[in-house]
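Dear colleague,

Please find below the structure that I am handing over to you. My notes on it follow.

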Amino acid sequence: MKLQGIKRCITVLGYLTAIFLSRDCFSQPLRQTIKGEIRDVDSQIPLPGATVVVVSADPVIGAVTDADGKFRIEGIQVGRYNLKVSYIGYEPAVISEVLVLSGKEVMLQIGLKESATTLQQVTVKAYSNKEQAINPMAMISARQLTMEEASRYAGGIDDPAHLATAFAGVAGSLSSNAIVIRGNAPKGLLWRMEGVEIPNPSHFANVSTFGGGGITALSSQMLSNSDFFTGAFAAEYGNALSGVFDMRIRTGNNENREHTIKAGIIGIDFATEGPFIKGKKSSYLINYRYSTLALISPLLPENARGIRYQDLSYKLNFPVGKSGNISTWGLFSTDRTGSEAESDSTEWAYYTDREEDENKNRMGATGLNYKTIISDKTYMNAVVAATGNYISWHRNRLDGELELYPTDRIEQNDRKYTISFLVNHKFNAKHTNRTGLSFNRLTYRINLKQFSDETNSLVTYADENGGSEILQFYSQSRLDVLPNLSLNAGIHLQRFSLTKELTVEPRASLKWKVVPKHTVSFAYGMHSRLEPIGFYFAGKEYESEKIRPNLNLKLAKAQHLVFSYELATGEYSRLRIEPFYQRLSDVPVIPGSSFSMMNLEIDWFFNDSLVNEGTGHNVGIDITLERFLHSGYYYLVTGSFFDSRYTGGDHVERNTRFNKNYVVNFLFGKEWTTGHQKNNIIGINWKFSLLGGDRISPVDQASSALVRDVVYNEHNAFSERKPAVYYLDFSASWQRNKPRYSSTWSFQFVNLLFQKEFYGHRYNYISNSVEELKEIAVIPNISYRIDF
């Protein structure tokens with residue numbers, strides 16, 4: 001039955017492909033349009049008269065922007081190109097790796113920085129630097145990423161979180177898309193979309209790791225180029241301890257209606273975009289994805305039929321007058337998974353054999369943005385947004401009489417309503433200031449219960465229904481002190497009404513271009529972040545009162561120091577070396593214990609008293625050597641070598657859980673143009689990763705045997721480590737361009753060597769011993785995409 005269902009799917013897909021192939025069977029050079037707009041990166045005013053030229057084109061192909069800063073280059077043959085953008089009085093820029101396919105027009109948003117020098121003083125050569133952050137306030141430990149890279153890079157699997165693990169200073173795993181930055185816990189990462197904080201945008205978020213999930217809820221059809229920060233980030237970013245993922249949704253085509261259908265093992269996507277009314281400037285962009293496993297659930301084993309996920313995202317864009325714009329956007333996801341208990345008690349070897357699980361997750365974020373250019377020097381951006389996430393996780397266990405009894409009950413519904421605005425003013429070519437204010441109203445409904453052998457009933461760990469506020473203010477200025485020396489200085493203030501704490505966080509960075517190919521930078525920043533909200537309300541309930549000892553808990557803080565040296569080794573290559581030091585303070589710990597929130601991975605049931613007496617530090621060096629895609633190939637070599645330590649409530653210094661010590665990646669990719677008229681592209685990509693093992697606590701064998709469950713020796717916490725792991729990932733693609741559409745066959749395989757990943761320990765009832773849990777985690781995905 002399974003085979004017949006799969007054959008039917010392949011047959012239908014074959015018919016659809018044949019229909020499209022039969023429509024255009026002649027060979028000719030296929031062409032498409034590159035269009036977009038060019039603005040001043042600081043003031044956002046359009047730049048009329050700017051030139052855009054296709055590099056190495058013979059004869060010269062290009063365009064000049066109109067009065068609104070818009071350009072259009074028609075008749076570009078399909079393939080990859082670099083574009084050089086220039087404007088009198090502004091620093092030139094090179095936009096690299098622009099992929100032109102016949103199925104969709106290419107739309108670009110380009111920002112140019114006004115030169116602080118006159119034309120007679122200096123001649124600036126444009127170097128390709130696609131990794132330069134979009135945010136002009138970012139000077140160090142920042143990188144721009146594209147969803148095209150997430151689709152192309154081996155191991156990216158269309159997930160920006162997985163893509164980020166290829167960057168220096170970042171570590172990940174096969175089992176989740178959690179991001180560990182420079183030895184910090186994944187929960188320290190800030191996710192932002194369209195200028196506001198959002199919950200972790202992953203399916204099955206916070207199931208295996210706080211801050212991580214299974215797979216992204218963001219379709220590759222939706223995201224525009226985005227920024228990723230690994231330390232000492234600018235003053236506008238608050239409530240972040242380790243890093244920032246600042247994402248943007250692209251704007252739909254406002255001239256032509258275009259569509260994308262993508263079907264693969266992971267899911268089926270449908271995206272559509274275009275103008276609401278032909279000839280008008282407003283546009284829509286909508287994407288819906290449904291898990292393939294849900295579509296074929298009748299063919300799956302019974303214990304896998306509960307796996308379902310789907311997501312919907314959109315952006316509606318409405319220009320207002322000559323200088324304003326209103327957009328509304330949203331991302332919604334829902335997930336469900338579960339397992340059934342083994343009814344034959346003779347087959348019980350582990351606790352999990354006796355347990356049934358049902359897990360439901362929902363996540364949502366929607367907002368309304370209004371942006372207007374007030375003058376040639378000033379623009380304003382205001383956002384009203386609502387975000388939230390919900391998790392319901394029930395676990396039951398069979399007793400000796402084969403009767404189910406409840407063991408875990410997790411019900412948590414968090415919502416946040418945000419109003420924020422910023423004003424950006426460009427005083428002159430040398431000085432730009434950005435100041436913003438954000439008000440966040442948090443509401444939460446928390447009910448956490450776990451079975452206790454002592455009371456033979458469920459014990460409440462947290463039960464709260466309430467709300468609080470977070471108020472954030474920042475102001476930052478970028479000053480071009482000299483033509484080759486820039487300074488960014490600012491401050492971020494944050495007040496959390498629940499604990500009544502006000503944090504003052506100074507930030508500063510300095511960038512010095514010593515000579516055109518050599519740049520050094522230095523940055524300092526104070527950063528802080530809230531803990532998962534349930535920990536503030538953790539406690540114990542008695543007949544007469546509730547004890548909530550953590551309501552006055554301060555925010556953990558981290559001081560980041562980063563130095564950077566960057567060398568342009570060629571026109572399309574870079575070497576970057578970044579030593580860093582982070583000092584953590586006010587970390588919540590349990591007095592007299594080795595516990596520290598620095599090591600928190602996942603723990604829903606917590607009722608201990610915490611104090612802000614913990615400390616820690618992360619010190620290391622990140623190295624990046626990269627050649628951007630040019631002449632058909634690219635490579636990326638990254639290495640991070642670090643030491644991560646903490647001091648718990650017992651004042652003993654230890655390794656943190658995430659102290660891998662080293663992470664090394666090597667990526668390589670090659671593309672070939674094929675076909676009589678060079679209309680098609682074949683690409684292969686490889687990624688090799690070598691990671692040191694996470695730290696783990698030794699097993700207390702005697703105590704484990706006594707309670708017949710895994711008990712760790714926390715007096716010697718994290719004194720042992722998981723084995724080092726290495727992965728080999730591979731991807732291949734075949735892009736075919738036809739006059740009316742383009743199609744892409746893609747094959748992605750994560751963990752090609754079938755390496756086992758260590759998941760921890762479990763107690764075996766049959767052998768009465770503790771066993772290591774190792775499993776092979778592989779992610780194969782075959783997909784077909786058509787753009788028309």
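R362 lies in strand 22, residues 355–373; strands are DSSP runs of E, at least two residues long, numbered from the N terminus. R362 is partly exposed, with a relative accessible area of 48%; buried means under 20%, exposed over 50% and partly exposed in between, with a 1.4 Å probe and protein chains only. Together with K360, R415 and R445, R362 forms a positive surface patch (residues with over 30% relative accessible area and no salt bridge, like charges being joined within 9 Å; a salt bridge is a side-chain nitrogen of Lys or Arg within 4 Å of a carboxyl oxygen of Asp or Glu).

This is a predicted model, in which local features need pLDDT of at least 70, side-chain atom pairs count only at pLDDT 80 or more, and totals for chains, interfaces and linings use all residues. Residues are numbered from 1 along each chain as its sequence is written, and side-chain values use heavy atoms, leaving out hydrogens and water.

A217, in the loop between strand 14 (215–216) and strand 15 (226–229), is buried at a relative accessible area of 0%. Its contacts (heavy atoms within 4.5 Å) include R289, D311 and L331.

Some backbone features also deserve mention. Most residues other than glycine have a negative phi, and most peptide bonds are trans. A cis peptide bond, however, joins D58 and P59, with omega about 5°. Phi is positive at F204, near 60°, and at K678, near 55°. F204 is buried, at 17% relative accessible area, whereas K678 is partly exposed, at 44%.

With kind regards

How values were computed
Patch = residues over 30% accessible without salt bridge, like charges linked within 9 Å, V, L, I, M, F, W, Y side chains within 5 Å. Areas by Shrake-Rupley, 256 points an atom, 1.4 Å probe, with all protein chains shown as cover. Lys, Arg positive; Asp, Glu negative; His and termini not counted. Charge placed at Lys NZ, Arg CZ, Asp CG, Glu CD. Helix = DSSP H or I, 4+ residues; strand = E, 2+ residues; numbered from the N terminus. Lists of a residue's contacts leave out its neighbours within four places in sequence.
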